[in-house]
Structures are given as structure tokens and as C-alpha cells.
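I opened the structure and kept short notes on what I looked up. The entries follow in the order in which I made them.

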Amino acid sequence: MVSNVEIRDRVNDFYTPLKARAVEIERRYRELSPTSARLSEAAKAVEPGGYSRDAVLRKPYTLYIEKGEGSVMVDRDGRRIVDMWFNATSLPLGHADPRVVAAVSPQLAKGTAFFGRTETEIDLARILCERLPAADRIRFANSGSEAVMIALRIARGFTGRDLVIKFEGCYHGSYDDVLWSVGPPKDKIGAAKSPTPVAATAGLPSGLGRTLVLPYNDFPALERAMADHRHELAAVIMEPMSNRIGLILPSREFLEGARRLCDEHETLLIFDEVIAFRLGYRGAQGFVGVDPDLTTLGKVVGGGFPVGAIAGREEIMSVTEPDRAGRVAHFGTFNANPVTMLAGRATMEALTPESFEHINTMGTRLRRRLEDLCDGLPLRITGVGSLFKINATSQEITDYRSSLTRDAEWEQVASLALLSDGFMLTPSLQGALSTTTTYEQLESFVAAFEALIRQ
Ligand SMILES: Cc1ncc(COP(=O)(O)O)c(C=O)c1O
């Protein structure tokens, strides 16, 4: 019989050789991207640490990009890189799609922002309400974070309650009330059934107060917490596919149970589909079999321009109606910006059921190829639709705790090596495909990954 110690040693034997090459892999990256290295240094004089966007942080530095063409980005050193993350999943048609370019270009000359509205706003709103099973009305904002912030305000305004439930390991953007237990360190997380809320950043208002953190995918824990906080809960906000935990779908029991409990407790169920909307023509809610009360959107619906949106049932969204007493206010200089609306409409029109079928089939095939490659190794492939993740673990990932078994250092080193080979994934090896991704690119990527793990 094989002992646990032997299993652990075998697993470490697999991860150690690549991690031991970290210095050599970084040296190669630096040699290939001298201009990005120089610009990263220059940025430090004007941006703290050289960054304006935490999401793109990468060690030793992030590439500076000259342009994007379909599924390829060209960096400032002229290297062509196959994009396998598409600005955090937000470009399902790839870079500079001709239909999007044609839609927005005339508007640049006609004016890009007015203290007034444009008709395209109604078109995009109609398209999204028609597609989302749980949306009668929609409001546009400028980012997914803003959409989450406003959705929670609407939920609090509608229910007259304060408390919100979010799940451990889930990221919902930059708003204070959801910046709890996003990726907390192992030594701070407390008991699995009742996680200790951990601030994801300094500067949050002290004490939790308005947000309760629960384990993802754990229906009994949700049931208990909702019973304990009866009459206090405005909303449960969840990703119907969790991105940061590992691009996984929760169990049917958890989703359907959450819906039932929210009905029982008169609490709103919010699906954060800022990423998940790209999984299907009607978003994740189109196939998971559960309708939320509110949906937050972002990324793909702006066609490559900054965007956010809050959609939901008329009865709930009507709390934002202008004439309503005690209404929920929602401001924003660039809400429903004309350029964003045109790019969003062009993107939605291009994203037909057939194009979802195409990218999702590509995603399934890629995940299968990677699974075959990783068979017998301590690597797990997760993902849904056109999204995938390579996890440096031998354990099944079902929640944040199980995702912590990953060797994050191995993933980072592998990601940097792949970037030097010409493939951009996140530092934790998450990837996304677009309609411009080709099977040839996927085969080249699989070959590069195979070479990496066989070395
Ligand atoms: C599920 C989810 N919600 C909200 C956000 C925040 O969106 P934005 O970065 O546009 O503010 C993100 C961003 O990645 C996200 O993945």
C-alpha cells in the first residue's frame, strides 16, 4: 500500500523541477521583453509600484501591449502572443473585431459623450432583457464593480435590510462590501463551516457589519446562516460559476437550495454574471435551471469598452424609477455611454447561439486534450464553456478550501514560461477562448504545455 507521505513526496517530485527553474524562466522573460521592463520602471515614478490595475499584476512585471488583432496581441517589443485571457474574459470576439470597429468608428467623430442619451441604449437594453431569463429591466454602469455596488444598494432599498451574504473565495469587484474573504491566506480562514471573514484589502470600514461570509457550494451552511439571520438579509450574492475558486459550477442542490431559501426569507438572490454571462446565449442562468432576482453584468456586454449593468425583475428594478418615493439613486457620468452601447450592441449581435456553441465546443475539446495530458499527474483541469483552468493539485476542487491545495507557485512559474512561449494566461493558469481562437493555436498551446510538464 502507498502511504500518504509517499503520495505527498511523489506530488512534490512533480512540482519541484519546474519551480527550480524559476530564475532561468524569469531571465528568459526579461530577455524577451526589455521594453516592458523599461516601461514598468518608468511607471513607478507616476503610478504606485508602477500599476493602476491590481488584476494585471504579474511578477516580475506585466507586458506593455502595442495592439491586438483577433486572438493575438503584439507587445511593445514586437512579440506576437496568443491571447488566452482576452482582457479577463471580456472580449469574446477577440481584439479589434471589424464589426465592433465599424460600429464605433463613426461615433468617435460624432461625439463620444453627451449630457443626454442615444437610441442605442434602448437597443442594448432590449437585447439583454430578451436574452436573460430573469431580466425585465436594466440599468447601465461603468464596471462590474459598480454594477455589484448598485445591485446591493437596490437589494437593500427594496428589502429595507442591511445584511448581505457572499461566499468565500468569490470575487465581485472593487466595492468595499464584497471585498471580504476573496483569497484569504490559509492561516486566517478559520473553520470550514463558518469561515472567518478576512478583509481583502486595507482601508475597509472597520468591522464586517454588513457582509456575512459563507463557504461556497455548502447548502447546509447557507441554510443555517439564513435561519440565524432571518429578517436581516437583503441579498445573497453568488457567482453561478465561480471564477477565482477555479471556474467551477456549484452543485444543483446549492443553487436550487439558495433560490428556495431566498424565497422563504424574502431575500434577493443576486447572480454575479460579470464573467458567467459569456458561458451561453442566455448567460449561466440560461442553463443552470435557477433564476436570480437580480443579475450583475460587465465585461462582454461593453464590446471591449468599460461597462457594467444591473438587470432584474421589474418589481425590484422599479425602486430606481425617478418618480418613486424613497427611490434608490444611481448616478454616473458615463452610464450608457454612446460608444460603449454601440460596441456592446455590435458584440451581442455577433454573439449568436451558434458562436456560443462554437467557442464552448472548442473549450470542451481543449479541456479534454489537457485532461488526457495530465492523466496520472497532480494537475486538474477545470472550467466551463469557453473557459479553462489548469490547477496544480491532485484534489477535486469544489470550494475555496479545496482550491487552497493548489501549488500557486508552480502555476505562476508555468504561466510565465508559457508567456515566453507566446501564450498569455493568468498567473494562476486560467484561460479563455474567443471566436477568433483557432484549433491550430490550441494545438500549439497544448504542445507548449506538454513540453513544459515533460521537461
Ligand atoms: C464575478 C465578477 N464580478 C465583478 C467583477 C468586477 O468587474 P470590473 O472589473 O469590471 O469592475 C469581476 C471582475 O473580474 C468579476 O469577475
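Which helix gives the most residues to the shell around the ligand? I found that helix α7, residues 144–159, gives the most, with three residues. Helices here are DSSP runs of H or I with at least four residues, strands are runs of E with at least two, and both are numbered from the N terminus.

Before going on, I noted that this is a predicted model, in which local features need pLDDT of at least 70 and side-chain atom pairs count only at pLDDT 80 or more, while totals for chains, interfaces and linings use all residues. Residues are numbered from 1 along each chain as its sequence is written.

**Ligand shell.** I listed 15 residues around the ligand, and of these Ser143, Gly144, Ser145, Gly173 and Val274 come nearest; a residue counts as near if its C-beta atom, placed from the backbone, lies within 6 Å of the molecule. Sorted by class, the shell has five nonpolar, eight polar and two charged residues, where Ala, Val, Leu, Ile, Met, Phe, Trp, Tyr, Cys and Pro count as nonpolar, Asp, Glu, Lys and Arg as charged, and the others, Gly among them, as polar.

**Strand β7.** I then looked at β7, residues 233–238, and found six of its six residues buried, that is, with 20 or more other C-beta atoms within 10 Å of their own, all placed from the backbone. Strand β5 (residues 163–167) runs parallel to β7 and is joined to it by three bridges, with Leu163 opposite Leu233. Strand β8 (residues 268–272) is also parallel to β7, through four bridges, and there Phe271 is the bridge partner of Met238. Strands pair if DSSP finds at least two bridges between them.

**Open sheet.** I traced a sheet of four strands in the order β1-β2-β3-β13, with mixed pairing. Strands β1 (65–69) and β13 (423–424) stand at the edges with a single partner strand each, so one side of each has no neighbour in the sheet. Between β2 (residues 72–75) and β3 (residues 80–83) the pairing is antiparallel, over three bridges, and Val74 stands opposite Arg80 in β3.

**Domains.** The domain assignment, which is automatic or from a database, gives domain 1 (4–84 + 352–454) and domain 2 (98–350). I noted 20 residues of domain 1 in contact with 19 residues of domain 2, contact meaning C-beta atoms, placed from the backbone, within 7 Å. On the side of domain 1 that touches domain 2, β12 gives the largest share, four residues.

Terms used:
A residue is buried if 20 or more other C-beta atoms lie within 10 Å of its own, exposed if 12 or fewer, and partly exposed in between; C-beta atoms are placed from the backbone. Two residues are in contact if their C-beta atoms, placed from the backbone, lie within 7 Å.
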